[in-house]
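Could you walk me through the aromatic rings in this model? I have it open in my viewer and would like to know what to select next.

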Amino acid sequence: VAFVTWKFPALSNTFILNEIVEVLRRGMEVAIYSLERSTDPVVHQDVVEHSLLDRTRYLDDLIPAGREGAGEFARYAEDWLGDRVRALRAVADDLVRTGVDVVHGCFANNSATVAMLVAQLARLPFTFECHAHDLFVDLRYADEKIRAAQRVFSISHYNREFLVDELGCEPGKVVIRRVPILKQFCDAIDRGERERGLVVSVARLHEIKGFDLSLEAMARIATAVPFAKFVIVGEGELRGQLEQQCRRLGLGERVRFAGTMTNQDTLRLVRRASAFLLPSRIGADGDRDGIPTSMIEAMYLRTPTVSTRVSGIPELVDDGVDGFLVEPEDVVALAERLQRLLLDDELRVAMGERARQKVLAEFDVDRNIDVMLTHWRAICREPVLATPRRGFWSRVRKLISG
């Protein structure tokens, strides 16, 4: 399987790493083609353990010398890919030379565009998966990719409905495959005492993650839960603004911005926490969460979640059963549920156990990688769906009329 992804290895794309590692563990051969290099200062231990950088090729390194133009791919160059379109034939040659059977786009936007084009050049079947921003905000060439793909993997029923109802995807082509987490990796750190009052969020500092609401909620419970502390793991453009909000709310030592951490250290922190907080919202541009991997990992580690009814999150969290959900922007309800969780030890433990069982039942890596492998094996026996080149139908009409 050739995985075409955006940046590798990126800490924010751990779910892609989980897929690749599990496919390798099943005895499959894997090739990774990355559109860009990751600039993350730390690297997940699985990247090193499985020598994944040795399996990775970057499009920038495959651009041929000289002034060879973009040719038939010029329109993709003008849009986003730029000079990287000149590397597509080299990637396709590499796919054929190494005996790749299936080309898979790890995101529905640019990764899937490259995967589609190199698969067509190599005459190989093509699939892609969709998550959140890549589906709701940045899905260029949607008709073309949906038509060319043998399968479209969706992480939620919410996404599937969007693909079918809004984008006209054939229902039988969409396959539900949840975001997988690696149980063995989580199990290795699943020990230690809980820290009373510790609340954790793990996400990029972006408007859709609702960190401003989280800080407001922490301020509201300050008197009732004086021992509450909030640690935010992640970086982003909103850090300065959020730090100012902390000072304005008088949160002082109650909030710590931990920045970027390794996955191991992050999960250890989540395992110690009493609650995981992520009040997601839909952004002004339509951007939204899918089902956050960090939330799935937290629930597997028995750390109950307080979140919002956005996108696929209600498919993970059953309100009042294994966590709490409130309506987006309802900071009063958010604070009330968080306070209740932090003050009720019995409820928190019961919810944490049910949260783990929910993840085991639906988000198990074995179950969800089985789904992908089953469909990949099946499409290797199906005819490749060719997408007509630009201008194809005009040439056909000329031939018919002539």
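**A tour of the rings**

Start by selecting Phe-3, which counts as buried because its relative accessibility is 0% (buried is under 20% relative accessible area, exposed over 50%, partly exposed in between, with a 1.4 Å probe and protein chains only). Before going on, note that this is a predicted model, where local features need pLDDT of at least 70, side-chain atom pairs count only at pLDDT 80 or more, and totals for chains, interfaces and linings use all residues. Residues are numbered from 1 along each chain as its sequence is written, and side-chain values use heavy atoms, leaving out hydrogens and water.

The structure holds eight aromatic pairs; rings of Phe, Tyr and Trp (its six-membered ring) pair if their centres lie within 6.5 Å, with planes under 30 degrees apart called stacked, over 60 edge-to-face and the rest tilted.

Next, pick Phe-73 and Tyr-76, a tilted pair with 6.5 Å between centres and 50° between planes. Phe-73 is buried at 4% relative accessibility, and Tyr-76 is buried at 4%.

Finish with two arginines. Arg-288 sits over the face of Phe-136, 4.1 Å from the ring centre (NZ of Lys or CZ of Arg must be within 6 Å of the ring centre and within 35 degrees of the ring normal). Then select Arg-356, found over the face of Tyr-300 at 4.1 Å from the ring centre.
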